[in-house]
Each structure stands twice: as C-alpha cells, then as structure tokens.
Amino acid sequence: MKILVVGGGGREHAIVRKLKENPRVETIYCAPGNGGISADAVCVPIKAPDLEGMAQFARQEGIDFAVVTPDDPLVLGMVDALNAQGIATFGPNRAAARIEGSKVFAKDLMKKYGIPTADYQVFSDPGEALDYIRAQGRYPAVIKADGLALGKGVLIAQSEQEAADALHTIMEEKAFGASGNRVVVEEFLTGPEVSLLCFCDGRTIVPMVPAMDHKRALDGDQGLNTGGMGVVAPNLCYTPQVAEACMEQILKPTVAAMQAEGCPFTGCLFFGLMITPQGPKVIEYNCRFGDPETQAVLPLLESDLLEIMLAVWDRRLDQVPVRFSRRHAACVVMASGGYPQHYETGKQIFGLDAQGQRPDAVIYHAGTRREGDSFYTAGGRVLGVTCLGGSPEEALANAYRAVGEVSFEGAHYRRDIGARNRRP
C-alpha cells in the first residue's frame with residue numbers, strides 16, 4: 001500500500017512510525033514532513049492546507065490511503081477533496097470538522113443535546129460581549145474566538161479591563177482574522193484536565209489512553225500558552241468511574257449528536273475534558289489527533305494503527321481489536337529558546353544518530369531539517385522525546401535521562417512534566 005500522511009510535525013512523525021509497522025505498507029509519503037520524518041517517509045513539498053495540490057499528488061501517485069491530521073486542511077475540506085479523487089481517507093469531512101472549526105457550532109451542539117459543558121453566550125459585537133461580562137461579574141472570564149487561531153484563540157480575563165482588552169484584540173484588531181468575527185464567552189471551570197483521543201467511525205467510538213498535556217511554556221504552569229510542552233499517559237485523574245461517566249454522558253451523546261445533525265464524525269475525535277466538582281465537562285473538541293498527546297498515546301497502542309484506520313473508513317470499527325499497553329509513557333518537548341515568541345532556527349542538534357534517533361528513546365521530530373546525517377532546528381517546538389516505563393516515575397526518568405543527552409543552542413524544556421499526574 002502507498003500511504004499519504006498530511007502534515008509535518010511531531011504528531012505526524014508518530015503516526016508515520018506507527019503506520020510503518022504494518023507489513024502491507026510499501027511507501028509512506030508525508031506532505032510536507034520535516035527533517036526527522038524524512039528518515040521514515042518520503043517527504044513531499046506540498047503545504048498541508050493546499051487542497052488542490054494534495055489531491056492532485058495523491059491521484060498521480062496512486063495513493064491507496066490518506067491520513068489527514070492538522071486542523072486547517074480538515075476544516076477547509078481536505079478529506080472531501082481526496083474523496084472526490086476516489087482516495088480512501090482517515091479524518092472527518094468538512095461538515096464534521098466544524099466541531100473544531102467553529103466554537104459556536106460545538107457549544108450549540110452540546111447545549112442542544114445536553115452534553116455537559118461550561119455555560120456560555122455567543123456575541124458578534126464586542127460592546128455587547130463586554131456588557132454581558134460586566135453583568136455577570138465573575139472572573140476569570142473565558143473568551144474564545146469562534147474559528148481556528150493556531151491554538152491561541154482562547155483568552156482568560158482576570159478583570160473587566162482584561163476582558164475589554166481581549167475583546168479588542170480578537171474582534172477589533174482581528175488578531176486571528178475572521179476567526180474573531182464572533183466570540184464565545186463562557187464560565188471558567190476548575191479541576192484536572194484530561195486529553196482524550198478517540199477513534200470514531202460515525203457510529204462506534206473507542207477511547208485511547210487518556211493523557212495529560214502541559215500547555216504553559218515554563219515550569220509550574222507559568223508563562224505563555226504553547227502548542228504543548230510535554231505529555232504523560234495515562235492520566236491518573238481519569239479513573240474508571242470518570243471514564244464510565246464520560247462514555248455515557250459525553251462520548252456516546254456526541255457521536256449521536258453529530259449523526260443527528262447529518263454530519264457523522266469519522267476519524268480521531270479529541271475531547272478536552274475538565275473533571276469539575278460537578279462531574280466531567282467538555283472544554284473543547286478537536287477534530288484530529290492532539291499534538292503532543294499523540295506522541296505519548298500511540299507508543300502505547302498494541303493493535304495495528306493502519307488496520308484501525310481502515311476499519312474507521314469502512315465503518316466497521318466495532319469489528320477490530322483496539323488494545324493498549326498497561327505501561328506508562330512520557331513525552332518531553334525540547335523547544336527553541338524564546339518559544340512561543342521570537343526564536344532562532346538553524347541550530348545544529350547533537351546527540352542523535354544518522355536517522356535522528358537514540359537507542360534509549362523515541363525521538364519525534366516536530367521542527368527539524370536534515371543535511372546529510374546532521375539535523376538542525378527549524379521551528380519553535382523541535383523534538384518530542386518519548387520513553388515508556390512500568391510506572392509514571394520510570395517513564396519520566398527515562399525521558400529526562402534521554403533529554404539530557406540531546407542538545408542544541410538555546411534548547412528549552414520544562415522540568416516538571418507529569419509532576420501533577422496523581423490519582424485523586
């Protein structure tokens with residue numbers, strides 16, 4: 001089989017390496033890929049949101065199966081474009097991808113079908129939004145741009161002035177473009193967060209191992225929000241009792257709601273959950289594998305990823321085994337100094353072999369380029385260093401030991417990944 005993976009980060013590297021395990025796979029193409037991915041797949045210089053270019057390449061190359069993972073191409077309709085060329089694809093179509101592409105669609109869906117989430121109101125006028133926040137008088141207040149915003153469209157206001165500034169940034173300065181034409185203002189929830197990736201074929205939903213992401217740039221959950229500085233799995237806050245409640249109150253109802261709305265979801269449905277004192281609630285949906293959650297969850301998958309993805313395409317997910325190891329995984333992200341703001345690239349990476357790997361860890365490349373047998377930084381998040389262990393402590397110790405053997409100028413990583421992963 002010839003496989004095409006759309007995207008070029010650490011998440012895509014994890015997916016490529018897992019797909020390679022299937023003996024039916026002859027060639028994997030990754031578009032656009034990166035330096036580290038080039039050791040495991042043929043990288044193709046097509047930008048992920050280029051629907052026409054990607055569909056044309058897939059048709060000309062005789063691709064048997066495509067996997068679309070980034071949010072932009074999914075929301076734009078990449079799956080529809082590939083399907084129109086007769087190419088079987090893992091991922092939601094444009095209609096279903098609205099569950100991430102529009103916060104308003106997602107919140108209204110949850111309200112209509114009684115899925116637990118934070119109270120909210122939708123506004124297209126900044127003055128009316130501020131009047132509502134002022135009348136509520138509850139801080140922090142959460143303000144979300146309706147559309148995609150590179151993961152940066154959620155602002156948490158601690159005061160009326162901060163709320164006014166946030167609304168000005170999103171709705172008047174258009175910091176996120178048309179994504180800020182509407183905002184969702186919602187209550188601030190408290191409790192441990194859980195990232196839950198699920199395989200879904202429109203009818204059946206199968207959860208993967210729950211994960212704990214770390215979004216802030218600095219130790220102690222300080223600093224700016226990032227795309228994710230590390231992740232551990234399983235998340236110990238996600239007890240069997242919580243899992244059962246989520247399945248009955250959130251997972252199954254979401255699948256049924258999307259069916260009822262005429263846009264059944266197929267692909268990987270990501271639930272950002274908060275375990276509040278009132279029970280689990282949905283913070284957000286993503287229409288794809290999370291990054292860097294995938295880099296900790298997929299190494300624990302014992303079943304064949306390609307066979308699961310093909311079953312999702314054929315709407316027979318209930319007929320294939322989906323088994324995960326009972327071990328623990330930890331992924332520590334090594335980022336460029338200054339990320340998520342200004343940072344320099346082109347720094348040589350030391351401590352990797354000619355394939356960009358190490359014997360004591362799996363190195364997922366997020367932002368690298370390759371020159372011969374050497375690798376250089378080419379992004380904000382550079383590497384995801386992942387290790388397994390028989391306990392959370394062992395997995396983390398293994399990951400940090402490996403991180404200590406890898407270096408590049410200005411390298412930055414958090415030293416407290418997984419520190420708050422405790423059973424309730």
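1. The structure, which is a predicted model, holds seven aromatic pairs. One of them joins Phe123 and Tyr132, whose rings lie 5.3 Å apart centre to centre with 45° between the planes, an arrangement that counts as tilted. Phe123 is buried, and Tyr132 is buried as well.

2. Phe199 belongs to strand β10 (residues 193-201), whereas Phe289 sits in the loop between β17 (279-286) and α10 (293-297), so the pair ties together parts that are 90 residues apart in sequence.

3. Are Phe199 and Phe289 buried or exposed? Phe199 has a relative accessibility of 0% and therefore counts as buried, and Phe289, at 1% relative accessibility, counts as buried too. Ring pairs also bring in Phe90, so that Phe90, Phe199 and Phe289 are linked into a cluster.

4. A contact of another kind involves Arg415, whose charged end sits over the ring of Tyr413 at 4.4 Å from the ring centre.

5. Turning to the helices, α5 (residues 94-101) and α6 (residues 103-113) pack at an angle of about 90°, and their axes are 6 Å apart. That angle makes α5 roughly perpendicular to α6. On the α5 side the contact is made by Arg98, Ile99 and Gly101, and on the α6 side by Lys103, Phe105, Ala106 and Leu109. Sorted by class, the residues in this contact of α5 with α6 are four nonpolar, one polar and two charged.

6. How many of the ten residues of helix α1 (residues 10-19) are buried? Nine of them are, so α1 is largely enclosed by the rest of the structure. The buried residues of α1 are Gly10, Arg11, Glu12, His13, Ala14, Ile15, Val16, Lys18 and Leu19, and the list therefore includes the charged residues Arg11, Glu12 and Lys18.

7. As for what surrounds this helix, the buried residues of α1 pack against the strands β1 (2-7), β2 (27-32), β4 (65-68) and β20 (362-365), and also against the helices α10 and α11 (305-313).

Technical notes
Residues numbered from 1 in each chain as written. Predicted model: local features only at pLDDT ≥ 70, side-chain atom pairs only at ≥ 80, totals over all residues. Heavy atoms only, no water. Phe/Tyr/Trp six-rings, centres within 6.5 Å; stacked < 30°, edge-to-face > 60°. Buried < 20%, exposed > 50% of the residue type's maximum accessible area, 1.4 Å probe, protein only. Helix = DSSP H or I, 4+ residues; strand = E, 2+ residues; numbered from the N terminus. Lys NZ or Arg CZ within 6 Å of the ring centre and 35° of its normal. Axes fitted to C-alpha atoms, helices over the stretch in contact; angles between N-to-C directions. Parallel < 35°, antiparallel > 145°, perpendicular 65-115°, else oblique. Contact = heavy atoms within 4.5 Å.
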